[in-house]
Amino acid sequence: MKIYVTRHGQTNLNRKKRMQGRIDEPLNETGIEQAKQAREKIADITFDAIYASSLDRAITTASIIGNVSREKVIIDDRIIECDFGKYDCISYFTMGLKMTLYWALPEVFPAPETVETISSMVNRSSSFLKEIEQKDYENVLITCHGGIIRALCGYLEDRKNGIVWRPKPKNCEIRIYEYKDGKHSFIKKII
């Protein structure tokens, strides 16, 4: 099974460099174009299943990259973005020391009050992927968000701490993994 993991296209909050957790912000024109370009890069791929979080930006991106109607996208809230609590919509540059340190180095600094922990993201992403691994898919697309992708990739790369935090995933960057005989392997990244 090949697992294609991608981040949604750009939104206005991304462009303005603001934290965007569970706010249901749609793609902007750049984001739609990014998704179309990503589709072109994998044009010959047909997906057996296409998953997205319940947020519009992920569903729209999944529909475009997966080349299916929105109704065919399977929604799963285990791959929704990290809950940023009171930091939602805050500029990257005015979050304050606790959130800045946590988001830069979650291996060292704890989540501030109201913010979802890394262990919570790791638990829900691994639950999701373990279920996917039980399916008989040849190719599956997972479209979600910059924070939760770090936990999904941590699982797929068998990281002890459960995350691949750096480099930050770009909008519509696709990371391709293979799951075969109970083992994961990274194949390549499409930017």
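How much space lies in the largest pocket? Notes follow, point by point.

1. Basis. This is a predicted model, in which local features need pLDDT of at least 70, side-chain atom pairs count only at pLDDT 80 or more, and totals for chains, interfaces and linings use all residues. Residues are numbered from 1 along each chain as its sequence is written, and side-chain values use heavy atoms, with hydrogens and water left out.

2. Largest pocket. The space in the largest pocket is about 350 Å³. A pocket here is an open set of points on a 1 Å grid over the protein atoms alone, where a 1.4 Å probe fits, with protein on both sides within 12 Å along at least five of seven lines. Volume is the space filled by probe spheres set on the points, which are joined across faces, edges and corners.

3. Pocket lining. The lining has 20 residues; a lining residue has an atom within 4 Å of a point. Nearest the centre are Met-19, Tyr-92, Trp-103, Arg-150 and Lys-168. Helices α4 and α6 are the elements that give two or more residues to this lining. Helices (H or I, at least four residues) and strands (E, at least two) are DSSP runs, numbered from the N terminus. By class, the lining splits into seven nonpolar, seven polar and six charged residues. Ala, Val, Leu, Ile, Met, Phe, Trp, Tyr, Cys and Pro count as nonpolar, Asp, Glu, Lys and Arg as charged, and the others, Gly among them, as polar.

4. Main core. The largest nonpolar core holds 37 residues, and Ile-3 and Met-99 touch the most other members. Such a core is a set of buried Ala, Val, Leu, Ile, Met, Phe, Trp, Tyr and Cys residues joined through side-chain atoms within 4.5 Å. Buried means under 20% relative accessible area, exposed over 50%, partly exposed in between (1.4 Å probe, protein chains only). Elements that each supply at least two residues include β1 (2-7), α5 (118-133) and β5 (174-180). Helix α6 gives the most, seven residues.

5. Ile-3 and the second core. Beyond its neighbours within four places in sequence, Ile-3 is in contact (heavy atoms within 4.5 Å) with residues including Val-140, Ile-142, Leu-156 and Ile-176. A separate core of 18 residues includes Ala-35, Ile-42, Ala-62 and Val-73.

6. Helix α3. In α3 (residues 56-66), nine of eleven residues are buried. Among them are Arg-57, Thr-60, Ala-62 and Gly-66. Their cover includes β1, α2 (29-41), β2, β3 (74-75), β4 and β5. Just after the helix, Asn-67 takes a positive phi of about 60 degrees.

7. Cysteines. The disulfide count is zero, taking a disulfide as a pair of cysteine sulfur atoms within 2.5 Å. Cys-82 is in none; the nearest cysteine sulfur, that of Cys-144, is 12 Å away. Cys-82 is buried, at 0% relative accessibility. Cys-89 is partly exposed, at 32% relative accessibility.

8. Asn-14 sits in helix α1 (residues 12-15). Is Asn-14 buried or exposed? Asn-14 counts as buried because its relative accessible area is 10%. Its contacts outside four places in sequence are Arg-7, His-8, Gly-9, Gln-20 and Asn-171. Lys-86 lies in the loop between β3 and α4 and is exposed, at 55% relative accessibility. Lys-86 touches Glu-113 and Thr-114, not counting residues up to four places away in sequence.
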